[in-house]
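Please consult the sequence and the structure shown here alongside the text.

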Amino acid sequence: MAFYSRVSGSVGMITLQNPPVNALSAAVRQGIVDTMHRALSEPEVKSVVICGQNGKFCGGADIREFGAKMTGPPLVPMVHLIEAASKPVVAAIEGIALGGGLELALSCHYRIAHSKARLGFPEVALGLLPGAGGTQRLPRLIGVPASLDLITTGRQVTAAEARQLGIVDEVTDLNAVDAAVKFAQSVADKSLDARRISTYPCPRPPDLDTIFERAMQQVRRSARGAIAPGTCVQAVHAAVTLPYAKGMERERELFSVLFNSGQARALQYYFFAQRAVSRWSTASGARWDTSKPRPVHKAAVIGLGTMGRGITVSLAQAGFSVVAVETQEKQLLEAKQAVSGMLERGAKRRGVPLAHDKIKYSCSVQAVADVDLVIEAVFEDMALKKTIFQQLSAICKPGALLCTNTSGLDIDELASQTQSPELVVGMHFFAPAHVMQLLEVVYGPRSCPEAVATAMQMGKKMGKVSVAVGNCRGFVGNRMLKLYLEQAFFLLEEGATPEQVDQVLEEFGFPMGVFKVSDLSGLDIGWKVRKADGLVLPAFTGTSARIRGGSRYSPLGDLLCEQGRFGQKTGKGWYQYDKPGGRVAKPDPWLFGFLEDYRAQHGLVARRIDHQEVLERCLYPLINEGFQILQDGIAAGPEDIDVIYVLGYGWPRHRGGPMFYASQVGLDKVVERLEHYQQIHPDVPGLQPCRLLRKLAAISNPAIHKWREVIQKPRSQL
Ligand SMILES: CC(C)(COP(=O)(O)OP(=O)(O)OC[C@H]1O[C@@H](n2cnc3c(N)ncnc32)[C@H](O)[C@@H]1OP(=O)(O)O)[C@@H](O)C(=O)NCCC(=O)NCCSC(=O)C[C@@H](O)CCCCCCCCCCCCC(=O)O
């Protein structure tokens with residue numbers, strides 16, 4: 001709702017009241033319309049201030065209402081009512097003015113912002129465009145290029161930048177509402193003729209066509225198939241080419257296309273999913289709201305390879321004191337230089353405070369004796385990690401949390417090396433650890449709730465989105481990835497090329513196909529893991545070369561590694577590069593010959609594989625494994641899996657994540673296609689739909705937010 005008060009006798013004050021962000025729900029819109037009428041009808045009131053309760057102006061339209069039938073007064077007539085008002089209306093912007101909130105402010109005749117406020121149009125990230133006049137008013141106020149930048153990227157600006165751009169009239173360090181009241185009094189008698197933005201002509205730069213062409217090219221390059229950014233460009237184009245009223249009609253038309261799109265549904269689902277994962281729960285019933293994190297002031301990182309360096313930077317930038325340990329002096333020195341460089345680049349590019357003084361470097365594990373939390377980040381070798389955990393258990397002070405940055409090893413096996421297994425959790429960072437937003441927090445069967453809560457909170461403080469997951473081989477992300485990689489290899493055996501598979505996945509929206517990613521991260525990483533698992537056997541021919549434990553196995557990756565083809569770092573992998581370390585992937589005729597020989601050697605006949613099969617074969621087994629993960633209680637809900645895939649594995653956000661995507665395809669269709677492929681490939685267990693997937697498909701494809709009700713039923717009922 002919105003409540004009305006009178007300040008200093010002559011200022012009508014409208015306060016938006018809808019915690020936590022004063023979103024423009026039906027009740028708030030109704031409140032604004034009613035109180036505006038009241039303010040306009042009271043003869044003593046000479047001007048009006050609109051502000052938001054609790055230091056937040058407005059977070060925009062209420063996204064939760066988008067899924068239901070709209071009620072209450074619509075936003076567009078509401079902003080027109082404000083702009084057309086006969087008394088000056090001043091927006092007092094504290095905290096945020098986002099989306100519909102900024103549109104509300106732009107309909108006011110003046111805007112006063114607090115210096116800490118942030119303003120912007122984030123609609124594009126929800127698959128929408130500013131649909132309450134934002135695409136028509138902003139270009140009239142600040143011009144086309146700056147509007148295109150803000151509207152197509154969703155970039156938020158500080159009050160200072162907003163002032164520079166001309167979005168706000170005044171910025172104050174003091175109380176913005178008080179300042180707005182004073183301002184409102186000072187303009188009470190002023191004419192409003194020049195203050196209604198919809199009446200401004202839209203500036204027309206001479207190179208208009210070039211500006212729009214460039215903007216379109218730019219959004220096509222970065223959108224990866226998302227439709228909202230390009231539609232935003234079209235809406236801004238209407239502001240320049242059409243009179244205001246017609247521009248508004250065009251905005252409405254374009255908004256409607258986006259609003260009804262599957263992409264908008266996916267992006268809005270994802271918005272809430274990313275927030276839902278902070279309300280974690282574990283299979284044994286520990287929960288975010290009943291588990292208290294332990295205080296952490298000082299942390300340590302053991303092992304300063306690529307991951308350890310990134311983690312050190314993340315911790316220091318978040319304000320933690322860090323002890324960074326690398327036992328070899330030469331490596332320690334190299335790491336110190338690398339970390340310093342990373343901190344300096346962070347300060348230069350993102351304005352993060354330089355945090356050199358937060359880090360102490362040491363060659364001795366003994367240096368971690370007084371820290372509250374340790375993150376071990378040595379390479380993936382269980383024996384080495386076990387030794388380190390034994391040492392840590394003896395050295396660290398009682399109550400210190402011991403974390404491992406493994407990407408898939410058994411947390412419980414490590415916990416069993418310590419005197420306090422309840423204080424051991426996994427913190428699986430993604431490379432580069434100081435950049436990637438995702439953190440899988442892995443609890444073992446013995447991890448205590450406080451340990452999980454502490455790791456989750458640490459992640460948050462480091463600016464990560466933390467997702468709590470159970471302990472199993474590969475956790476959530478890498479466990480699902482295994483099925484995806486496996487199918488990609490099988491497709492090569494059957495006749496596809498790396499370029500074909502990658503093209504299909506990139507058209508789907510992944511920034512890079514599976515083979516390009518493999519070349520980037522290094523083929524040797526998976527090879528080492530497969531060797532440790534006893535899967536890499538001495539070269540021999542015959543069908544058995546492609547069978548492990550009774551199931552189909554492709555040794556293609558192993559064979560490439562045997563040739564020294566580790567990907568970009570060696571200049572050759574699934575593709576060729578102009579030099580070791582080269583970045584531009586080119587198809588490699590050698591690989592085509594190699595695949596032909598391989599197929600001939602194993603009696604495989606290449607066939608034409610279409611786009612649809614590549615997509616289904618790569619994605620459906622991965623999705624099926626996601627359902628198995630839910631069934632096993634490793635992830636608490638589909639949102640956890642989707643957030644992991646979007647933030648950690650490049651799954652296109654406008655497709656919501658693998659579980660949301662499955663819900664849109666239709667679970668019955670996913671089951672049917674898996675069964676189809678399983679009939680053809682009976683030796684691939686990952687193609688067999690799991691019980692939970694079958695169960696959900698059989699109960700007529702329930703909406704994704706209802707899955708938990710089925711998952712939480714006793715397993716015997718599944
Ligand atoms: C605001 C934030 C920056 C705050 O961040 P913070 O980190 O402090 O907190 P959280 O992110 O954790 O959020 C706290 C809490 O609040 C919930 N929340 C946040 N914003 C909203 C919101 N806008 N609506 C609802 N709920 C919100 C959030 O979910 C958290 O709760 P939870 O329980 O999940 O933990 C940050 O939250 C943020 O960035 N928010 C999003 C801001 C945003 O994107 N705003 C734009 C919204 S879209 C919009 O404004 C559209 C308008 O331009 C135009 C609309 C026109 C409307 C017309 C409707 C017509 C419909 C019919 C069309 C028919 C078409 C046809 O068929 O013809």
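## Helix α25 and its end

Gly-666 comes directly after helix α25 and has a positive phi, near 110°. Helices here are DSSP runs of H or I with at least four residues, strands are runs of E with at least two, and both are numbered from the N terminus. α25 spans residues 658–665 and is mostly covered, with six of its eight residues buried. Buried denotes under 20% relative accessible area, exposed over 50%, and partly exposed the range in between, for a 1.4 Å probe and protein chains only. The buried residues of α25 are Pro-658, Met-659, Phe-660, Tyr-661, Ala-662 and Ser-663.

## Basis of the values

The model is predicted: local features need pLDDT of at least 70, side-chain atom pairs count only at pLDDT 80 or more, and totals for chains, interfaces and linings use all residues. Residues are numbered from 1 along each chain as its sequence is written, and side-chain values use heavy atoms, with hydrogens and water left out.

Strand β2 (residues 11–16) is largely enclosed by the rest of the structure, because six of its six residues are buried. In a regular strand, side chains alternate between the two faces of the sheet.

Tyr-4 has Ile-14 of β2 as its bridge partner. The two strands, β1 and β2, form a hairpin with three residues between them, and Ser-8 in the turn has a positive phi of about 50°. β2 also pairs with strand β3 (residues 47–52), in the parallel sense and over six bridges, and Gly-12 stands opposite Val-48 in β3. Between β2 and β3 the chain passes through helix α1 (residues 26–41) in a right-handed β-α-β crossover; right-handed means that, with the strands pointing away from the viewer, the path from the first strand over the helix to the second runs clockwise.

Asn-18 lies in the loop between β2 and α1, and at 18% relative accessibility it counts as buried. Its side chain reaches the backbone oxygen of Ala-23 at 2.8 Å. Beyond neighbours within four places in sequence, Asn-18 is in contact (heavy atoms within 4.5 Å) with Ala-23, Ser-25, Val-28 and Asp-62.

## Leu-138 in helix α4

Leu-138 belongs to helix α4 (residues 134–142) and is buried, because its relative accessibility is 0%. Residues up to four places away in sequence aside, Leu-138 touches Leu-106, Phe-121, Gly-143, Ser-147, Leu-150, Ile-151 and Ile-167. Cys-202 is 64 residues from Leu-138 in sequence, with a C-alpha to C-alpha separation of 9.2 Å.

Oxygen atoms of the ligand lie 3.0 Å from an N or O atom in the side chain of Ser-256, 3.0 Å from a polar side-chain atom of Asn-260 and 2.9 Å from a polar side-chain atom of Arg-279.

The protein covers 76% of the 1300 Å² of accessible area that the ligand has on its own.

Methods: Two strands pair if DSSP finds at least two bridges between them. A polar contact is a pair of N or O atoms within 3.5 Å; within protein, one must be able to donate a hydrogen and the other to accept it, and residues adjacent in sequence count only if both atoms are side-chain atoms. Accessible areas come from the Shrake-Rupley method with a 1.4 Å probe; for residues, only the protein chains shown count as cover.
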